[in-house]
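Me: Could you walk me through this structure? I'd like to start with the nonpolar cores and then turn to the charged pairs.

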Amino acid sequence: MGYAMSRLEVESSLYDDGNAIHEDSSSGQMKKPFENLDNEIAQITKLKSTPHQLLINDGTGRTELPVSPVKMLAGRESNYSGRGRFSSADRCHLLSRYLPLMVPSCCWVPGKPHKNIQCGQRLESSEEHSHQNFEMTITDTSLSPDQRYLVYASMSPIVHIVNVGSAETESLANVTEIHDGLDFSSNDDGGYSFGIFSVKFSNDGRELVAGSSGDSIYVYDLEANKLSLRILAHASDVNTVCFADETSHLIYSGSDDSFCKVWDRRCLITKGKPAGVLMGHLEGVTFIDTRGDGRYFISNGKDQTIKLWDIRKMSSNVNCNRAYRRSYEWDYRWMDYPPQAKDSNHPCDQSVATYRGHSVLRTLIRCFFSPAFSTGQKYIYTGSHNACVYIYDLVTGDQVATLKHHKSPVRDCSWHPFHTMLVSSSWDGDIVKWEFAGSSDMSTSSIKKRAWKRHFY
């Protein structure tokens with residue numbers, strides 16, 4: 001059960017949507033690779049996903065990439081590396097060649113869960129219980145690193161936490177599950193009620209960081225069960241926040257003021273200011289995902305772009321931003337992005353690279369790095385307002401795959417950390433699972449027939 005996935009080198013003529021590979025869907029023209037991507041990030045990505053030197057040598061001294069699975073298996077059997085197994089780079093090189101590309105053959109609706117789909121049941125469980133406490137949309141969720149606790153936020157200062165990892169708290173009509181409320185309001189809020197747009201666990205699971213409609217960032221200490229930090233961070237809604245790495249010293253934030261900011265908790269008391277500001281987006285920032293190294297992250301923006309950032313390029317002020325003034329009226333909640341703005345660039349763009357092709361409209365659409373275990377983080381993937389999921393090559397900027405199935409905007413998607421599997425969720429009510437089917441030689445007609453047979457309601 002799953003979606004057929006195809007090798008990147010597969011002939012596009014086998015599939016109806018094959019021409020989507022390496023193509024900018026907004027223009028219909030082939031996307032040009034980056035001429036000069038930051039050399040460090042390119043080299044790091046290459047080291048994480050390039051196999052052993054003995055495998056990429058064709059015997060005449062020339063490099064031959066990609067290396068076929070047969071050659072890699074033969075090299076492992078002959079113990080080319082001296083370790084008797086694949087290295088992490090070998091594994092990433094092999095697995096990253098398989099991407100979700102075909103018409104889906106399985107989906108489910110959280111409101112009507114199948115008995116074998118536990119995550120659908122949990123989604124239904126927390127959604128039903130939430131209506132007993134508030135009447136707002138759930139804006140964000142986060143699962144603790146040990147997968148024991150789930151937190152969810154809404155347009156309220158209260159973030160709810162649920163123990164989902166214990167068999168003793170199996171949900172029965174939301175009677176046995178306890179949804180505790182964590183109060184993120186503070187004395188200096190002035191009595192103003194705000195909503196939480198983004199909430200994330202720290203890597204050790206001891207803290208939560210949140211961004212609010214009150215232009216602020218909050219850090220909640222779960223062990224002490226109290227709010228430990230509030231920062232008036234931006235000039236508009238804070239749509240997205242996350243910890244930069246496993247130390248939790250650095251926090252990244254993105255806002256409707258178009259800035260990405262870096263906060264160092266070790267010097268906040270003395271400075272009270274961000275460690276730095278990154279300019280480049282022309283409109284608000286909808287989501288940030290960290291690479292986990294405390295140095296690089298990506299952001300999705302309402303200017304219809306994803307940007308890659310290196311925090312070593314950040315500045316201490318935002319004066320340059322005053323040089324940019326848009327000459328049009330626009331609101332992403334109900335208007336299409338102006339055609340004259342699609343090729344505009346920020347006069348002081350500090351980003352490392354920009355990725356275009358998807359659309360960010362109506363909702364806070366997310367973007368992510370692909371998993372380190374299976375791909376070496378060599379891809380970026382994102383939902384889109386035009387009902388697709390887009391996958392970009394981090395180094396070249398190529399659009400390597402477009403996943404088409406949904407009928408409404410795709411707000412969120414998640415790539416399995418270890419398996420060749422991706423899940424997308426959409427406003428059409430479907431949660432869709434894309435996974436490698438074990439064969440890239442299936443005909444288009446057989447795939448379509450299977451898709452109709454395995455659609456669950």
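This is a predicted model: local features need pLDDT of at least 70, side-chain atom pairs count only at pLDDT 80 or more; totals for chains, interfaces and linings use all residues.

Me: Which residues touch the most other members in the largest nonpolar core?

Reply: That core has 16 residues, and L99, Y381, I391, L403, W415 and L422 are the ones that touch the most other members. Strands β21 (379-382), β22 (388-393), β23 (399-404), β24 (410-415) and β26 (431-435) each supply at least two of its residues.

Me: What lies apart from it?

Reply: Another core, of 15 residues, lies apart from it, and among its members are I41, V352, A353 and Y392.

Me: Switching to charges, how many salt bridges are there?

Reply: The count comes to 15 salt bridges. One of them joins K200 to D140, with the closest N and O atoms 2.9 Å apart. Because K200 sits in strand β8 (residues 196-201) and D140 in strand β4 (residues 138-143), the pair ties together parts that are 60 residues apart in sequence.

Me: Is K200 buried or exposed?

Reply: K200 counts as buried, at 18% relative accessibility, and D140 is buried too, with a relative accessible area of 5%.

Me: And what about K302, what does its side chain meet?

Reply: The side chains of K302 and D256 meet in a salt bridge at 2.7 Å, N to O. K302 is in the loop between β17 (296-301) and β18 (305-310), while D256 is in the loop between β13 (250-255) and β14, 46 residues apart. K302 counts as buried at 9% relative accessibility, whereas D256, at 26%, counts as partly exposed.

Me: Which residues are joined into one network?

Reply: E40, R295, D310 and R312 are, through salt bridges that share partners.

Note on methods: Residues are numbered from 1 along each chain as its sequence is written. Side-chain values use heavy atoms; hydrogens and water are left out. A nonpolar core is a set of buried Ala, Val, Leu, Ile, Met, Phe, Trp, Tyr and Cys residues joined through side-chain atoms within 4.5 Å. Buried means under 20% relative accessible area, exposed over 50%, partly exposed in between (1.4 Å probe, protein chains only). Helices (H or I, at least four residues) and strands (E, at least two) are DSSP runs, numbered from the N terminus. A salt bridge is a side-chain nitrogen of Lys or Arg within 4 Å of a carboxyl oxygen of Asp or Glu.
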